[in-house]
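Here is a short report on one protein structure.

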Amino acid sequence: MRVIPLGTSSGKPTLKRNVSALAVAREAEWLLFDCGEGTQTQVARAGLSPNRLSAVFITHLHGDHFNGLPGLLSTMGLDRRSRDLRLTGPRGLGEYLDMLERLRVAFLTYPVELKEFASLPEPTLVYETSDYTVTALELDHRLFALGYRIDERPRPGRFNVERARSLAVPEGPLWGRLQSGEAVQLDENRIVRPSDVMGAVRPGKSVAYCLDTRPCAMSLELARDVDLLIHEATYTEDFASEAQQYGHSTAAQAARTARDAGARRLLITHFSTRYADPTALLQEARAIFPDTLLAEDLLEIEV
Ligand SMILES: [Zn+2]
Ligand SMILES: [Zn+2]
C-alpha cells in the first residue's frame, strides 16, 4: 500500500497545505479518506486517476473533511464514469448529495452506494475486497466522527520453484494445484504437499486513520498493532486545553496513542494553521514515539 496525504491542514487551507484528504493506493485502485475542498486538484497532482477510485470514507461532517466531495463527484461524472462508487460516512451525507443533485450542482452518471452511520460503538466492517477489509469505529470529537482501519488479508507464502524442481514436480498444472493449497500425487508412493514447496504465509499490512478526535479508547482499539497509524495532531501540548475543548489531540497525545496501541509507525497530520513551521509538533511526538513522520501534502509512504 502507498499512503499519500493530499491535505494536512486543519480547518482551512494554507498556501502549503490543503485541508484533510488522504489516499491509500494499491496496484489497480485507490481509496480516499476524507475529501476537503480542493481535493480533486491534489488527486491530479498525486497522479491518481479518479476513474480508479473505488471507495470514499468520510470521518465527519466538518467542512474541511468533506467540502471537496461535490467537485470530485461531479468531475467523475464529466469524465463519464460508469463504475459504481462506494461512499461511507456519518448520517447526513446522503441528504447532502441528494440536495446537490436536486439543485443540479452535482451530476452523477454512476451509482453511489452509500453507507451512513449515526452511531458506531463497535468496530464494524464497512468495505471489503478479496485483498483487504475496512473497519470503522466511532471516535471522540465535537460531533459524530468515525475512524477507519484497513487490514490486508494474509497472503499465501511464496512458491519455491527450486524446491519444486528438486522434488521433481513437473512444471504446469501441478504447480498451480500446490499453489492453491492442494497436495499432489506424483506416483504411487510419492505425495508432495503445499508445505513442501510454499513459504510461510505472509501477514497483511494494516493502516489506521484517526482524524479529529480526542485521545480515547476507540482510537487505541483501531490502532492496535497497526503498521502505520495516521493520527491528527492539531496542537502542541501548550494548547492541550484547546485540544480538549475542540475535540482534538496534541502531538504528544497522538504519540502516546501510537505507543500504547503498539503501532509500528505514526504519521501526524491535521496541523493548526498557527504552526507555519510544524517542527515543534514533530519533536513533541518523537520524544514519546520516535518512529513518527510529519505529513506533508503529496508525500508518499510505503506500507
Ligand atoms: Zn478537521
Ligand atoms: Zn472536525
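## Salt bridges

Glu152 and Arg26 form a salt bridge, with their closest N and O atoms 2.9 Å apart. The pair joins distant parts of the chain: Glu152 sits in strand E9 (residues 146-152), while Arg26 sits in the loop between strand E2 (21-25) and strand E3 (30-35), 126 residues apart. Both Glu152 and Arg26 are buried. Here buried means under 20% relative accessible area, exposed over 50%, and partly exposed in between (1.4 Å probe, protein chains only). A salt bridge is a side-chain nitrogen of Lys or Arg within 4 Å of a carboxyl oxygen of Asp or Glu. Helices (H or I, at least four residues) and strands (E, at least two) are DSSP runs, numbered from the N terminus.

This is a predicted model: local features need pLDDT of at least 70, side-chain atom pairs count only at pLDDT 80 or more, and totals for chains, interfaces and linings use all residues. Residues are numbered from 1 along each chain as its sequence is written, chains are lettered from A and ligands numbered from 1 in the order in which they are written, and side-chain values use heavy atoms, with hydrogens and water left out.

The whole structure holds 13 salt bridges. Among them is Arg86 with Glu113, at 3.8 Å between the closest N and O atoms. Arg86 lies in strand E5 (residues 85-90) and Glu113 in strand E6, 27 residues apart. Arg177 and Glu182 also meet in a salt bridge (3.1 Å, N to O). The table gives the accessibility of these residues.

| Residue | Relative accessible area | Class |
|---|---|---|
| Arg86 | 25% | partly exposed |
| Glu113 | 40% | partly exposed |
| Arg177 | 35% | partly exposed |
| Glu182 | 37% | partly exposed |

## Cysteines

How many disulfides are there? The count is 0, with a disulfide taken as a pair of cysteine sulfur atoms within 2.5 Å. The sulfur of Cys35 is 19 Å from the closest cysteine sulfur, in Cys210, so it is too far for a bond. Cys35 is buried, at 0% relative accessible area.

## Surface patches

Glu95, Asp98, Glu101 and Glu116 form a negative surface patch. Patches take residues with over 30% relative accessible area and no salt bridge; like charges are joined within 9 Å, nonpolar side chains (Val, Leu, Ile, Met, Phe, Trp, Tyr) within 5 Å. Helix H4 (residues 93-102) gives the most to the negative patch, with 3 residues. Glu116 is in strand E6 (residues 112-117). Met99, Leu103 and Val105 form a nonpolar patch, with about 270 Å² of accessible area together. Leu103 lies in the loop between H4 and E6 and is exposed, at 56%.

Note on methods: Accessible areas come from the Shrake-Rupley method with a 1.4 Å probe; for residues, only the protein chains shown count as cover. Lys and Arg count as positive and Asp and Glu as negative; His and the chain ends are not counted. The place of a charge is taken as NZ of Lys, CZ of Arg, CG of Asp or CD of Glu.
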